[in-house]
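Trainee: Hi! Could we go through this one together?
Mentor: Happy to, let's bring it up.

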Amino acid sequence: MRSQNECGSKPINGKPSQGITHWQSDNPVVSKKARNGAGEKGVAGMQRGARDTIAGHRAGERLSTKLAFLTLRAGENPKYKVTSITNLLVNEDYLQECFHELKRDRAVGIDKVTVEEYAKELDKNLKGLSVRLKSWQYRPQPVRRVYIPKADGTKRGLGIPTVEDKIVQMGIKKILEAVFEGDFCEVSYGFRPKRNAHQALNALDKAIMFKPVNIVVDMDISKYFDTINHGWLMKCLKQRIADTSLLRLIGRFLNTGIMEEGKYIEVEQGTPQGGIISPTLSNIYLHYVLDLWFEKKVKKELKGYAQLIRYADDFVAVFQSKREANDFAAKLTQRLDKFGLKIAQNKSRVIEFGRYVWQRAQAAKEGVATFNFLGFTHYCDKARNGGFKLGRKTSKVKFAQKAKAMNRWLKGIRNLMKLQDWWKTLKRKLTGHYNYYGISGNIKALVNYYDLVAKLAFKWINRRSQKKSFTWEQFNRFLSVNPLPVPRIQHSIYLSVSA
C-alpha cells in the first residue's frame, strides 16, 4: 500500500510507453465477444458486444460500479492500462448522468443552446448523440471564445463548448479521474475530488511553520493552458489509456478549434480554459511534467528539506537550502521548456522567507520579502506570544480585481431589476467572497471589502435616476433592515495545523 507522499507512476523519460505492460486480464468492462468484434468495427462493435442494457437505477449503479472498478484496478496495478472503456461513454444512461451534472447557469456555445433548451427533448437528444458516438459521426463543435479580465490588467481567453460537447467532456472527465486520481501526488490540490485551495494553503502553512524553510521559489507558467503540447499530452494519457477510440476522441477535442467574432481559428496546442475536460487534462500533464519529476528525481538529489505545493498551474516550492533552491529554479526552466512550457520571468522569484529569515530580519530591523499564492499575500508576522507566524491577507491585485468586478456588476444591474431582487444576489456574492477569503488572519481585508461594497451599493442605488434615492442616514437605516452578510472567518488555518 502506498504512503501518502508516494506517487503511483514514473516521470516521462521521452519514451513513455516503454516498460509498461498491458495485461489482457485487466479488462473489466467489455466482454470477450465485444473485444473480438466479429467483424464489427470501432465503438459500435464494442457497444453491441457490451452488456449495458439494464434500465433505470440499476443501470446507473452498474455504470458507477465500472468507474469504481477502474479506480480499484488502477490503484492495485501501477502498470494497468484501460483498453476498452469507450462503450461506457456511448451508453445513453451514462450520458444522461453526465448531463445532470452540468451547471445550469453557464454561458452557451456557438449554437446558443442552453442546458434548459437541450433538456426539453433530452431522451431524443441523448439517443442521437449516442448513435453518432457509436458510428464515429460525432465531431465536437468549435468553442466560442470569450475574454475575462485578469488581475494584471490583461485578459484571459475562455473557450465555451456547446451543451452536447460538455456532456461528452463530462463523460471523459469522469473516466480520466477514475483512472488517474490514484496516481496523482499529495502535492496536487487543484481540480481534484475532495481537494481545494484551502487545503493547499494549509499544506503551505504547515511546511513554513514546522519545517526548516528558508527559501520560497515562486514561479509562474506563462499562458499554461494555451501552451500545453498536444503530442506530449497524448503520451501522458497513454501511460494509463490504451483505448484508441477514447484517445482519438480526446484528440478531436484538442484540435476542435475556436470561433472568435465569427472567424474560425485552428489550434495546434493548448486546452481552452472553460472546457470541462481542460482542468483534468492539465492536471495529468503537470503530474508527469512537474509533480513526479520533483518527487522522484529532484528530492532524491537534495540534502535539505524541500516541498512542492501545486494548485492547477499555480505552485510554490519551499526549500531549506538557498543553493538547492536556485539549482531547482534553473532546472525547472529547462524541464518545462522540454515540454513546451515557459516560465513567466516577470512573475517568478526566489526569495528568502521563513522563521529563521524573519528572526534575523527582526534583529537587523529589516523587512522580509512577501509572495502571492492562490490570491493571498503571504508574509512573515509576529504571533501574540512574540514568536513567528505565517501571515496571509488578500493580495492587493486580487482585492482591486474583485472591487472592479463588483463595481461593474452593480452599475449594470441597478436598473435591470428591482432593488429587493438584486440585493439578494449581492448578499450571495459577499458570502462567496467570505467563503474563499475568510481565512485566519485576513479579517481586516474582509472588513475593507465589506465597507467598499456598501459604498459602491450606495453610489449606484443613487444613480438609478436623476433623483437621489438615499442619504447616508437613510441608507444606514435600510442596511439595518436589510443587512449585508458581515465579514467572518470561515477557515481556521491555526486549528487545522494544531490538529
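Trainee: In what sense do strand E3 and strand E7 pair, and over how many bridges?
Mentor: Bear in mind that this is a predicted model. Strand E3, residues 215-220, and strand E7, residues 314-319, are antiparallel partners, with six bridges between them.

Trainee: Okay, and which residue stands opposite methionine 219?
Mentor: That would be phenylalanine 315, in E7.

Trainee: What sheet do those strands belong to, and in what order do the strands come?
Mentor: An open sheet of four strands, ordered E6-E7-E3-E8, with antiparallel pairing. Strand E6 (306-311) and strand E8 (349-352) are the edge strands, and each has pairing on one side only. From one strand to the next, the twist averages 15°.

Trainee: Which strands does H13 lie across?
Mentor: H13 lies across E6 and E7, and its direction is at about 175° to E6.

Trainee: And what about helix H14, which strands does that one lie across?
Mentor: Helix H14, residues 322-338, lies across E3, E7 and E8. Its angle to E3 is about 15°.

Trainee: Which residues lie nearest the centre of the largest cavity?
Mentor: Val143, Gln169, Phe253, Pro272 and Ser278 do, out of a lining of 15 residues.

Trainee: Which helices each supply at least two residues of that lining?
Mentor: Helix H12 (244-254) and helix H13 (278-298) do.

Trainee: What's the lining like by class?
Mentor: The lining of the largest cavity has eight nonpolar residues and seven polar ones, with no charged residues.

Trainee: Speaking of charges, how many salt bridges does a search of the whole structure find?
Mentor: The search finds 19. One of them joins the side chains of glutamate 101 and lysine 174, with 2.8 Å from N to O.

Trainee: Why does that pair tie together parts that are 73 residues apart in sequence?
Mentor: Because glutamate 101 is in the loop between helix H5 (92-100) and helix H6 (115-119), whereas lysine 174 is in helix H8, residues 163-180.

Trainee: Back to sheets: what is the order of the open sheet of three strands?
Mentor: The order is E9-E10-E11, with antiparallel pairing. Strand E9 (371-373) and strand E11 (388-394) are the edges, each pairing on one side only. The twist there averages 40° from one strand to the next.

Trainee: How many bridges join strand E10 to E11?
Mentor: Seven bridges join strand E10, residues 376-382, to E11, and the two run antiparallel. As an example of facing residues, threonine 377 stands opposite lysine 393 in E11.

Trainee: Great, thanks for the tour!

Note on methods: Residues numbered from 1 in each chain as written. Predicted model: local features only at pLDDT ≥ 70, side-chain atom pairs only at ≥ 80, totals over all residues. Heavy atoms only, no water. 1 Å grid on protein atoms, 1.4 Å probe; cavity = no way out; pocket = protein on both sides within 12 Å on 5 of 7 lines; lining within 4 Å. Nonpolar A, V, L, I, M, F, W, Y, C, P; charged D, E, K, R; others polar. Pairing = 2+ DSSP bridges. Axes fitted to C-alpha atoms, helices over the stretch in contact; angles between N-to-C directions. Contact = heavy atoms within 4.5 Å. Salt bridge = Lys/Arg side-chain N within 4 Å of Asp/Glu carboxyl O.
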